[in-house]
Amino acid sequence: MIPFTRRDFARRTALVSALSYSRILGANDRIRVGHIGLGNQGATVHSQFLECRNQQTAAVCDLQDDYMDLAVRKAGNSPPKYQDYRKLLDQKDVDAVVIATPDHWHALMFVHACLAGKDVYIEKPLSLTVVEGRKMVETAERTSRVTQSGIYRRSQTFLKEAAGFVRSGGIGHVTVAKSYHIMNDWPNGIGRPPDSAPPDAKKWDQWVGPAPMRPYNPNRTFYNFRWFYDYSGGQLTNFGVHHMDVIRWCLGQDSPRAVTAMGGRYTVGDNREIPDTMEVLWQFDGPTMVVFSQYNANASPGNIQNAEIELRGTKGTMFIHGTRSEVVPEKVTEMVKFARSPLDRQTERAYGPSKKALIAAKTAHSTDDRIGHCQNFLDCIRSRAKCNADVLSTHLSTSATLIANIAYRTRSYLEWDGKAERFTNNAAANQYLSYNYREPYRLP
Ligand SMILES: NC(=O)c1ccc[n+]([C@@H]2O[C@H](COP(=O)([O-])OP(=O)(O)OC[C@H]3O[C@@H](n4cnc5c(N)ncnc54)[C@H](O)[C@@H]3O)[C@@H](O)[C@H]2O)c1
């Protein structure tokens, strides 16, 4: 089994790489999938895989026996159950794994899976830090793994069309792209349960994994871990990474040049660490300003269409909803604006009507198609083609949100070198690009 201890790691890593197992799959062979993490999202994705062609559940892994029992019943073929994912990775007949554990576990599990010769479907956000994400990209490349992330929007056909339209200049120069996470958590949010002894010390240790050991608090575990920085980047990386990915796709840009953020825990009375109110601004080439607005103490719509994302171009605005996009044309005049005198106002009537729309209104729709996103992963395992949401594109989108959290936490305006993956104007901020894992965990 893959060891966590530093001493044994180098020897074992070389061995695992050398022995890693990859089956040559025929067109009719079933792909055998191991599912690691079967909570809220893991159970959903498992159901989606069960709807796909030519696959079967080969093994399941979670800290919760009852979650695994449910998955086994759904799979209908009695796959083995493990509480330690390394045992699942040792199972030779597992071709691919789905990882849907909390974010702080993603990097270790992903890298170990690649080294064990498994193709990997990994939930978003890709990682807890930028350095982890880059390591994941490098390991997947080095071991020739097929990778897909849970950014299922990359498989939605309406978004493919919308992104292509924006990139081709369809709405003109996009000067501003905004996205929103809006819900009213006031007054009590996730509550304020006291710290206590863990119900099961071994499982708590396994949950915490590489993160710092803290007193047990139920809010640090199932689902609510999102509100704590040891395990997650908060709503900025939870929802924000989906939005940032769509915006990067539309703009055709890899990385921002600069980022700043403001906000805080203004009013919700729970024990969260992440802000309930936040505004993030990124500068991209284009030039385009990108904004993420997290309003979690008021649920009024962010824009006139209550769309998740809006792209404001010189010729039109594209509003992006869950399963559709809509372009609303701008009306412009080529007349140069001038300081109007009372006499000019006599002819002003001509000014308004001369404005005209330069593009046509346009809509696009498709289904949510999350099963198609899983099928895309399975199809690419056979063809060895790149998946719609591969590890590199997900790393770039995740990194943009992770550096925004660093700007928020250091109260800074940060300039970013996307190639070197370093801040260029604030050496101290660079220390937040990684963290020291708790012993004995180590990223190979
Ligand atoms: N793609 C999407 O739209 C989407 C939606 C929701 C969640 N997610 C992502 O899915 C991931 C999980 O989120 P969730 O809401 O399902 O959380 P959750 O708390 O409901 O589930 C996490 C599961 O991981 C298990 N787990 C924790 N540590 C483990 C370990 N060491 N070994 C094995 N299992 C372990 C837990 O027992 C739990 O069942 C997160 O990264 C989240 O961002 C993605």
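Begin by selecting Val97, which, once its neighbours within four places in sequence are set aside, is in contact with Val33, Gly34, Ile36, Ala113, Lys118 and Val120; two residues are in contact here if their C-beta atoms, placed from the backbone, lie within 7 Å. Residue numbers start from 1 along each chain, following the sequence as written. The model is a predicted one, in which local features need pLDDT of at least 70 and side-chain atom pairs count only at pLDDT 80 or more, while totals for chains, interfaces and linings use all residues.

A nonpolar core is a set of buried Ala, Val, Leu, Ile, Met, Phe, Trp, Tyr and Cys residues joined through C-beta atoms within 7 Å, and a residue is buried if 20 or more other C-beta atoms lie within 10 Å of its own, exposed if 12 or fewer, and partly exposed in between.

Just after helix 5, Gly117 takes a positive phi of about 85°.

Move on to helix 6, residues 130–142, whose 13 residues reach 18 Å from the first C-alpha to the last, close to the 18 Å expected at 1.5 Å a residue, the expected span being 1.5 Å times one less than the number of residues. Just after helix 6, Ser144 has a positive phi of about 55°.

Colour the chain by domain next. By an automatic or database domain assignment, the chain is divided into domain 1 (6–154 + 371–393) and domain 2 (155–324 + 398–427). Their centres, taken over C-alpha atoms, are separated by 25 Å, and 24 residues of domain 1 are in contact with 27 residues of domain 2. On the side of domain 1 that touches domain 2, helix 6 and helix 11 (370–383) are the elements that give two or more residues.

Which residues come nearest to the ligand? Of the 27 residues around the ligand, these are Gly39, Asn40, Gln41, Glu123 and Gly150, where a residue is near if its C-beta atom, placed from the backbone, lies within 6 Å. The shell draws at least three residues from each of domain 1 and domain 2, and its largest share, three residues, comes from helix 2.

Finish at Trp282, which has its place in strand 9 (residues 277–284). Trp282 counts as buried because 27 C-beta neighbours lie inside 10 Å. Not counting residues up to four places away in sequence, Trp282 touches Pro256, Ala258, Val259, Val290, Ala400 and Ala404. Thr260 is 22 residues from Trp282 along the chain, and 6.6 Å separate their C-alpha atoms.

Conventions
Helices (H or I, at least four residues) and strands (E, at least two) are DSSP runs, numbered from the N terminus.
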